Amino acid sequence: MVSSPPTSSNAVLNLEGSLSSSTDSPIPDSDRTTDNITSRSMIAILDFGSQYSELIARRIRETQVYSEVLTYHISAEDLLKFNPKGIILSGGPNSVYDAGAPQCDPEIFNLGIPVLGVCYGMQLMAKQLGGKVEQAERGEYGKAELQIDDPTDLFTNVDTGVTMWMSHGDSVIDLPRGFEVLAHTANTPCAAIADHDKKLYGVQFHPEVVHSAGGMAMIRNFVYHICECEPSWTTDAFIENSIREIRAQVGDKRVLLALSGGVDSSTLAFLLHKAIGDKLTCMFIDQGFMRKLEPERLVKLFEEQFHIHVEYVNARERFLERVKGVTDPEQKRKIIGGEFINVFEEESQRLGPFDFLAQGTLYPDVIESADTNADPVTGKRVAVKIKSHHNVGGLPDNLRFTLVEPLRKLFKDEVRKVGTALGLPEEIVKRQPFPGPGLAIRIIGDITSDRLNTLRDADLIVRQEINRAGQYNNLWQAFAVLLPTVRSVGVMGDKRTYSHPVVLRLVTSEDGMTADWARVPYDLLETISNRIVNEVEGVNRVVLDITSKPPGTIEWE
């Protein structure tokens, strides 16, 4: 199975970011302690099932203060072990008056630590402290103009009339004792409330989303003015602390890293190499679902430019056989993830022994895959799990490695900053996200060698033209999707064709949690379409996906 990567006369083609990537639960243990960075200033976010919980955490991190998403049912006593300077209660899909609606420990409001409730979090705080919440006569969704009644504390330097993003069907009708109204909208009299003496605040809108114009100013006010945090969460501090932790954990043992070539695993490879040098071994498993020329480019970069040895494993036929006839996207992901582990363990025994396995697991992977907000009685999740992540939850229980995951506290944008600080080239640091299962989930339906080759050719054209037009860094992702089960009639050279369509997916986003379709120039779309139809065999139509996320997802599977 082990061999040299496939060769090509174009193996060193530079596509400016064309490399692929893959992408302990946050639930606190009773004896958990924080590290020497988080103990300085930390904001705890209690997750009630909001799709925006991790976005709140990202916004806090942007102020250079550490934040962590914790389960909503953590006790006040256990929460104190994190030594938080502030607490944020997230939004959620429930109504606070529903039977079985998630509740937090009411003693949290008596800790003397500032609390900010967001949407459901505000309603829950109001209800638990003696206020009243009811279904509003009119729900409020989307942009709303916020009129500020008290421009101090939370709203310092926030202009009245600013646009905020609303998403609620319930409203606070009666305030708890000691609270007052800070702001209102045309439909919501209590859009923001506070008990200034106890430093308890609530907002009915979502300051964390990009649509809320004054949101970051409010978050900074809460973090610095109200919670009195210090900006201790920096890239340099993270790198220094991580190197110490890696060396302490690994000692003189060997570490094996599954390298994909994307920003996550590449940053991890650089960080590990800086910490432990030649005790690191990288393995690249070519599962056959990579984009055109990626395996060649990856091995050349790491071997010749970075001087980090990579063991190349050609497992293309094995993976293709495993997914033969599989059409369900979640089943594809699980099969590919499981087979990856099988190959990895087999090859590690040949190269070993290794005591440690390094993974480029990121914080969103941990949050979305773990039951961070599972009900303590029923075990059911408050939020819906959209899809599984191959880095988390796909490992066997009898894994013989000890995991090393120094990036598991980081969001993608933070990884890019770490990668830049470690000296990764721009083509990797600014590389667009690419799913772990690769092109297997960009072919809708059954996967075959011919279909993979068709998609590779179309995808290469998309990436080449996006780069030539100078649009690569303006887009979160730009790729092609093949619909092999769909055919349409066309005319090429005065002859009738009956071939497949390719879908263009071009999106803009700040974090991948929400996304919008990109308004790229029509001339660029025309060039891409003409090239695909003329150069890719079996394709006679190109269509554009103009669906935002939500309601769609960025990937089709």
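Where is the place of V263? I looked it up and found V263 in helix α6. Helices here are DSSP runs of H or I with at least four residues, strands are runs of E with at least two, and both are numbered from the N terminus.

**Model.** I am working from a predicted model, where local features need pLDDT of at least 70, side-chain atom pairs count only at pLDDT 80 or more, and totals for chains, interfaces and linings use all residues. Residues are numbered from 1 along each chain as its sequence is written, and side-chain values use heavy atoms, with hydrogens and water left out.

**Whole chain.** I noted 14 helices and 19 strands.

**Annotated site.** I checked the UniProt record, an unreviewed entry, which places a "binding site" at S260, G261, G262, V263, D264, S265 and S266. UniProt positions are in the numbering used here, feature names are shortened, and annotations may be inferred rather than shown by experiment. S260 sits in the loop between β10 (255–258) and α6 (263–276). S260 counts as buried because its relative accessibility is 11%. A polar atom of the S260 side chain lies 3.3 Å from the backbone nitrogen of G262. V263 has 0% relative accessibility and so counts as buried.

**E347.** I found E347 in helix α9 (residues 329–351). Why does E347 count as buried? The relative accessible area of E347 is 7%. The side chains of E347 and R350 are joined by a polar contact of 2.9 Å. Such a contact is a pair of N or O atoms within 3.5 Å; within protein, one must be able to donate a hydrogen and the other to accept it, and residues adjacent in sequence count only if both atoms are side-chain atoms.

**A458.** Helix α13 (residues 449–468) holds A458, which is buried at 0% relative accessible area. I read 7.8 Å between the C-alpha atoms of A458 and V502, which are 44 residues apart along the chain.

**Cavity.** I looked at the lining of the second largest cavity: I56, I88, L116, V118, P207, E208 and I219. A cavity is a set of points on a 1 Å grid over the protein atoms alone where a 1.4 Å probe fits but cannot get out; lining residues have an atom within 4 Å of a point.

Conventions. Buried < 20%, exposed > 50% of the residue type's maximum accessible area, 1.4 Å probe, protein only. 1 Å grid on protein atoms, 1.4 Å probe; cavity = no way out; pocket = protein on both sides within 12 Å on 5 of 7 lines; lining within 4 Å.
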